[in-house]
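Student: Please take a close look at a single part of this model. Then set that part against the rest of the chain.

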Amino acid sequence: MTMPPLPFRKKAVLGLQHTIAMFGATVLVPLLTGLNPSVALFGAGLGTLLFHVLTGLGVPIFLGSSFAFIAPIVAVLQSEGPAAVGGGLIAAGAMYIVFSAAVKAVGVARVQRVFPPIVTGPVIIVIGLSLADVAVNQAQSHWGLALVTLLAAILTSVLARGLFKMIPILIAVLVGYGAALALGAVEPAKLDAIRAASWVGLPPFHAPRFSWTAIFVLAPVALVTFIEHVGDVIVNGRVVGKNFLESPGLPRTLFADGIANMASAALGGPAATTYAENTGVLAVTRVYDPAVLRIAAGFAMLFGLSPKLAAVFQSFPSGVLGGVSILLFGMIASVGIRTLSEARIDFAHSRNLIVVSLILVLGLGGAKVPVAVGGFHLELHGMALAALVGILANALLPASLDREEHDAHATPENETASR
């Protein structure tokens, strides 16, 4: 049953909810690297709009600041300055365009065969649970606020009706922030910053400068984020109930992601990547209209142009953000479990157990594998490492292992029962 189209005012509220979900992580990356948060917000909004236009307006994805580039950005920023960072990140975006052409040449069907449910299911679980420590660390800064916020989200999602049922994250954040103000848990310095900030102000955009050193440091990171992109597009499609690898197609989403990266970097912002936070909001609200994400992108650009609004969002206590993150990241992991369930993966077979075990342990255990090829130095970890290990394990472990186990355990009684 198709839902009737939502009026714009409801879409606007839903869009604001998505902006709140992505805000903390998108601002955190520039704060950790030394880039400007307002430029990052504007670049994320612009990149998201470009992604939607280039993919035919049909994929409900938001692009925010990428964590994979934090270490190399810091290195280049210290040695060559912010303009060189922009040039290196533009080169990383160009790598996506190369990947897009390569995938188009070999065919999406071959790529999909590399990512069957036995691989994508646990990788999706890793995407959600690898963020669990972020949610818990935020929440434990003030467990009282986190629990109030989480409870507000759960009750709204379960008991509310109409528009309120669609915006449990927004309501939860408002309830949690109200509680924080009442308890005096919002830092006075941040409240002073809100009062002092102007309503409108142009972010400090700056042009890129191309340096071979910066390019060699930053561009290879795209090899890792390429795997992340495939995983995020798969999980987004699983939540929505569509196969975005086929339509609009992985080559198109890669190309769009690359252009979005280049646009953000050209302004002086960090690299952009598909955001699990917003996929979590889709899973909670079940409102999959891509127009809502475009409205969220508009809000992000507006916040980037408004120092006062950006200051308000930066004043949110970590406990409030942790409360909603617990639900959002848990929903993503649940989608991975659903993927395995719907594919009817038989865990009586050791081959399946081995593939899933390797993905989960290496993806969640903090394993890091340094890769050095010539002058290129990369570090595979988290979801990228989990996906690569899962792909290799699924390809190398013989399928005959399952058949031998089935034959060993099969009895006439079992065969009769199975029929």
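Tutor: Helices here are DSSP runs of H or I with at least four residues, numbered from the N terminus. By that count, Thr225 sits in helix H13, which covers residues 222–240. Let us start there. The model is predicted, so every value below is computed from it.

Thr225 has a relative accessibility of 1%. The cut-off for buried is under 20%, so Thr225 is buried. What does Thr225 touch beyond residues up to four places away in sequence? The list is Ser66, Ala68, Phe69 and Tyr96.

Thr339 belongs to helix H18, residues 318–342. Its relative accessible area is 4%, so Thr339 is buried. Setting aside neighbours within four places in sequence, Thr339 contacts Pro117, Thr120, Gly121, Ile124 and Arg238.

Next, Phe299 in helix H16, residues 290–305. Beyond its neighbours within four places in sequence, Phe299 contacts Ala12, Gly15, Leu16 and Thr19. Gln17 is 282 residues away from Phe299 along the chain, yet their C-alpha atoms are separated by 10.0 Å. Of the contacts with a separation of 6 or more, 83% join residues 24 or more positions apart.

Helix H19 shows how burial is arranged. It runs over residues 350–364, has 15 residues and reaches 21 Å from its first C-alpha to its last, close to the 21 Å expected. Its buried residues are Arg351, Asn352, Val355, Val356, Ile359 and Gly363. These residues cover an arc of only 125 degrees around the axis, so they lie on the same side of H19. Just after H19, Gly366 takes a positive phi of about 85 degrees.

Some backbone exceptions follow. Most residues other than glycine have a negative phi, and most peptide bonds are trans. Leu57 is not a glycine, but its phi is positive, near 65 degrees. Leu57 is found in the loop between helix H2 (37–54) and strand S1 (63–65). With a relative accessible area of 42%, Leu57 is partly exposed. Arg286 is another non-glycine with a positive phi, about 60 degrees. Arg286 lies in the loop between helix H15 (276–285) and H16. Arg286 is exposed, at 60% relative accessible area. As for the peptide bonds, a cis one joins Ser247 and Pro248, with omega about 10 degrees. Pro248 is in helix H14, residues 245–267.

Finally, the whole chain. The protein has 22 helices and four strands. Buried residues make up 52% of its 419 residues. The C-alpha atoms fill a box of roughly 80 × 55 × 40 Å along the principal axes. The radius of gyration is 22 Å, which agrees with the value near 22 Å for a compact globule of 419 residues.

How confident is the predictor, by average pLDDT? The average is 85, and 92% of the residues score at least 70. Over residues 411–419, the pLDDT is below 50. Beyond near neighbours in sequence, that stretch has three contacts in the model.

Notes: Residues are numbered from 1 along each chain as its sequence is written. This is a predicted model: local features need pLDDT of at least 70, side-chain atom pairs count only at pLDDT 80 or more; totals for chains, interfaces and linings use all residues. Side-chain values use heavy atoms; hydrogens and water are left out. Helices (H or I, at least four residues) and strands (E, at least two) are DSSP runs, numbered from the N terminus. Buried means under 20% relative accessible area, exposed over 50%, partly exposed in between (1.4 Å probe, protein chains only). Contact means heavy atoms within 4.5 Å. The expected span of a helix is 1.5 Å times one less than its number of residues. The arc is that of the directions from the helix axis to the C-beta atoms. pLDDT is the predictor's confidence in each residue, from 0 to 100. The radius of gyration is taken over C-alpha atoms; the globule rule is 2.2 Å times the number of residues to the power 0.38.
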